[in-house]
Amino acid sequence: MWEINLELKEYIEQNILPLYEAHDAAHGPEHVRTVLENSFDLLDGLDVDQNMVYTVAAYHDVGVRVSRERHEEISGQWLWEDRELERWFTPEQRRTMREAVEDHRASRQEPPRNVYGRIVSEADRDLDPERVVRRMVEYSLAHRPQFTEEEHIERIIDHVRDKYSETGYLHLWLPCPRNEKGLATLREWLRTGELERRCRKYL
């Protein structure tokens, strides 16, 4: 059961989560809700502040509206500069949360600097294979509208290979059977050609 300060939750629900409505479908409201849920699924055995876990997950992608390439840096800055958060967190806690948000990018090769970064990074992976493919299709359609169906598929397969294959750049920073199973499935789809069929389902 989530144990979140009700005033903090109300502030974030009213002022931060609505920002995701302006994002592309792959980084929209459904995504941030999924990352919130995934974050709390990872807490067994971890000695953490649930208010900080909730806040990091809520802010992790707000910067997408400004820059996809620099979104983690911008999101961290957004969290740090939000003076409303001073009502609930010390400067040290806010600095820790900023670092966690800055460190969540999937292509990062070094471990996140703190446990909150590892939690949101793992939660953001969300390696449900079907959802991964759907989000990739949504992103490609939104950002490459000029592409043909075949070009979308080629781009997605290349991205899956670069990110999720045995030689890909993705790292899992916490034990998470769901993500480990999903990663194995994506690798199988890549090997067998099933990935192409799954892409066509959403195009």
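**Figure 1. His27 in the loop between H1 and H2.** At 6% relative accessibility, His27 counts as buried (buried means under 20% relative accessible area, exposed over 50%, and partly exposed in between, with a 1.4 Å probe and protein chains only). His27 is placed in the loop between H1 and H2; helices (H or I, at least four residues) and strands (E, at least two) are DSSP runs, numbered from the N terminus. Not counting residues up to four places away in sequence, His27 touches Tyr20, Asp61, Val64, Arg68, Arg135 and Tyr139, where contact means heavy atoms within 4.5 Å. The model is predicted: local features need pLDDT of at least 70, side-chain atom pairs count only at pLDDT 80 or more, and totals for chains, interfaces and linings use all residues. Residues are numbered from 1 along each chain as its sequence is written, and side-chain values use heavy atoms, with hydrogens and water left out.

**Figure 2. Helix H3 and its surroundings.** Nine of the 10 residues of H3 are buried, and the helix is mostly covered. The buried residues are Asn51, Met52, Val53, Tyr54, Thr55, Val56, Ala57, Ala58 and Tyr59. They pack against H1, H2, helix H4 (71–81), H5 and H6.

**Figure 3. Packing of H3 with H6.** Helix H3 (residues 50–59) and helix H6 (residues 115–125) pack at an angle of about 50 degrees, and their axes are 10 Å apart. Axes are lines fitted to C-alpha atoms, for helices over the stretch in contact, and angles run from 0 to 180 degrees between N-to-C directions. That angle makes H3 oblique to H6 (angles under 35 degrees count as roughly parallel, over 145 as roughly antiparallel, 65 to 115 as roughly perpendicular and the rest as oblique). The crossing of H3 and H6 is right-handed; a crossing is left-handed if the near helix is turned anticlockwise from the far one by less than a right angle, and right-handed if clockwise. H3 contributes Met52, Val53, Val56 and Ala57 to the contact, and H6 contributes Tyr116, Ile119 and Val120. By class, the contact of H3 with H6 has seven nonpolar, no polar and no charged residues (Ala, Val, Leu, Ile, Met, Phe, Trp, Tyr, Cys and Pro count as nonpolar, Asp, Glu, Lys and Arg as charged, and the others, Gly among them, as polar).

**Figure 4. Packing of H2 with H3.** The axes of H2 and H3 cross at roughly 150 degrees and come within 9 Å. That makes H2 roughly antiparallel to H3. The crossing of H2 and H3 is right-handed. Val32, Val35, Leu36, Ser39 and Phe40 of H2 make the contact with Gln50, Val53, Tyr54, Ala57 and Ala58 of H3. The residues of this contact divide into eight nonpolar, two polar and no charged.

**Figure 5. Packing of H2 with H6.** H2 and H6 pack with their axes 8 Å apart, at an angle of about 125 degrees. The two helices are therefore oblique to each other, and the crossing of H2 and H6 is right-handed. From H2, His31, Val35, Asn38 and Ser39 meet Ile119, Val120, Ala123 and Asp124 in H6. The contact of H2 with H6 has four nonpolar, three polar and one charged residues.

**Figure 6. The nonpolar cores.** The largest nonpolar core has 37 residues, and those with the most contacts inside it are Ile12, Tyr59, Leu85, Tyr116 and Ile119. A nonpolar core is a set of buried Ala, Val, Leu, Ile, Met, Phe, Trp, Tyr and Cys residues joined through side-chain atoms within 4.5 Å. Helix H1 (6–15), helix H2 (29–41), H3, helix H5 (91–102) and H6 are the elements that give two or more residues to this core. H3 gives the most, with seven residues. Leaving aside its neighbours within four places in sequence, Tyr59 is in contact with Tyr11, Ile12, Ile16, Tyr20, Ser75, Trp78, Leu79, Asp82, Leu85 and Val101. A second, separate core of 18 residues includes Val137, Ile157, Tyr164 and Leu170.

Figure 7. Asp126 lies in the loop between H6 and helix H7 (129–143) and is buried, with a relative accessible area of 3%. Phi of Asp126 is near 40 degrees, a positive value in a residue other than glycine. Most residues other than glycine have a negative phi. Arg131 lies in helix H7 and is partly exposed, with a relative accessible area of 25%. Leaving aside neighbours within four places in sequence, Arg131 is in contact with Glu30, Thr34 and Asp126.
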